[in-house]
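Here is a short report on one chain. It moves from the overall fold to a few selected residues.

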Amino acid sequence: MTTRWTAVRVLRDRTAGRCLTAVVVSGFGTSALWLASGVWVKDLTGSDGLAALCMLAMWAPTLAGPLLGTLADRHRRRPLLVALSLFMAVLLLTLCAVDGPEELWLLYAVLFVYGAAGTVHDAAESALVAGAVDRSLLGDFNGLRMTANEGMKLLAPLAGAGLYTAYGGPGVAVLDAASFLAAALVYLSLRVREERPAPAREGGRSATAEGVRHLWGDAGLRPLVLAGGVTMLCAGVSGALTYAVVEDLGHSPAYAGVLYAVQGAGSVTVGLLSGPALRRLGARRFAAYCISLLAVAVALRAVPYDPAAWACSAAVGVGLPAALIAVLTGVQQRTPGPLLGRVTATAGTLVHTPNVIGLAAGAVLVELLGHRAQLVALGVVLGVTAAVLLGQSPASADRTAARSASDASPA
């Protein structure tokens, strides 16, 4: 009853409800394009490597998250979200010109800009929501946002595949452009009061460093973000072992789709429950408990038994998104509004970049080591991470966080 009531409160909040609507419509197009771009390149070139570069092109800009997040702090967030959405709607239409291998440079360039714009967009949206939504509901909003994203990942690839089969890559690009146009209209309908940001006193590098200093100087956020990064690193390595797990179960590679669907169902569920859990436990304990669940689930993936594989996939779907929800909610609750864009983007870089590294490392290690030993080792690392996070004293963290950013000493 409590979960339903808080979810309804979020949806009834004008700003939160419309931001969630924008997440759904733009996320639908994004998920469809993620699938179609790789298939598009594969069809044009026959190369698996060039197809994989699509994901790299979209992820690479997150490395510049601290710098890109500064843009979200130098402009009012609602107009920035509208402008970004309209810009991407127009840019995606240029993909209609891609008709052969010689135009692939345009596809990669658009995907790279897509990733950069997405980093700024996420930082600006996080800051807008944090300033307009009751802080007690931020966990609920982030949970519902995760539910919406995961729901799109379950539905949009099917729609994208069908659209690609019927109309090719340009058809999916037009769909994504339309989703951004719809998101822009939703952001235009928001009624929020935003003060014009004060003129920057420092240059770009110093302004970016200010966000990094705040994140590192807050002893409540620092271990939370570091734990999130370790978790995503382990998740990346574990994800690269999925097909080895499927083979060990005695199934064809297509069976991985079943496990991903079960994992998605777990992610949708935790999104609905995260708000009440965050209020009851706090971000640190909530993250620690969910990482503990993830540790057990990852280690037990080594058991070649179908019911165990399904249960582990569902548990991974619960534990992994919950850790990300805890990090984002902690950042929103402990960061001043003028710094929120930079700190959100910096936290995103520190949390998500290890996932890419983990995927690359896992792709190498799966050829060198048995997947069962790796999964058990990853479970141990995650268990230690949860224990360290849980063992932190919240009182000492808050005392350290009370110091000014100038007192903190980033390592």
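## Surface and fold

The chain exposes about 18200 Å², and 66% of that area comes from carbon and sulfur atoms. The model is a predicted one. Its secondary structure comprises 15 helices and zero strands. The chain has 411 residues, of which 50% count as buried. Among contacts with a separation of 6 or more, 85% join residues 24 or more positions apart.

## Rings

The structure holds one aromatic pair. Its members are Y114 and F180, arranged edge-to-face. Y114 is buried, at 7% relative accessible area. F180 is buried too, at 9%.

The ring is that of W216, and the charged end is that of R222. The distance to the ring centre is 5.5 Å.

Which residues does G358 touch, leaving aside its neighbours within four places in sequence? They are L233, G236 and V237. G358 itself lies in helix α13 (residues 340-368). Its relative accessible area is 0%, so G358 counts as buried, the cut-off being under 20%. V237 is 121 residues away from G358 along the chain, yet their C-alpha atoms are separated by 4.5 Å.

H214 is placed in helix α8 (residues 204-217). With a relative accessible area of 13%, H214 is buried. Leaving aside neighbours within four places in sequence, H214 is in contact with L221, R334, T335, P336, L339 and V343.

## Accessible areas of the buried residues

The table collects the values for the residues discussed above.

| Residue | Relative accessible area |
|---|---|
| Y114 | 7% |
| F180 | 9% |
| G358 | 0% |
| H214 | 13% |

## Summary

The chain has 15 helices and zero strands, and 85% of its contacts with a separation of 6 or more are between residues 24 or more positions apart.

How values were computed: Residues numbered from 1 in each chain as written. Predicted model: local features only at pLDDT ≥ 70, side-chain atom pairs only at ≥ 80, totals over all residues. Heavy atoms only, no water. Helix = DSSP H or I, 4+ residues; strand = E, 2+ residues; numbered from the N terminus. Buried < 20%, exposed > 50% of the residue type's maximum accessible area, 1.4 Å probe, protein only. Contact = heavy atoms within 4.5 Å. Areas by Shrake-Rupley, 256 points an atom, 1.4 Å probe, with all protein chains shown as cover. Phe/Tyr/Trp six-rings, centres within 6.5 Å; stacked < 30°, edge-to-face > 60°. Lys NZ or Arg CZ within 6 Å of the ring centre and 35° of its normal.
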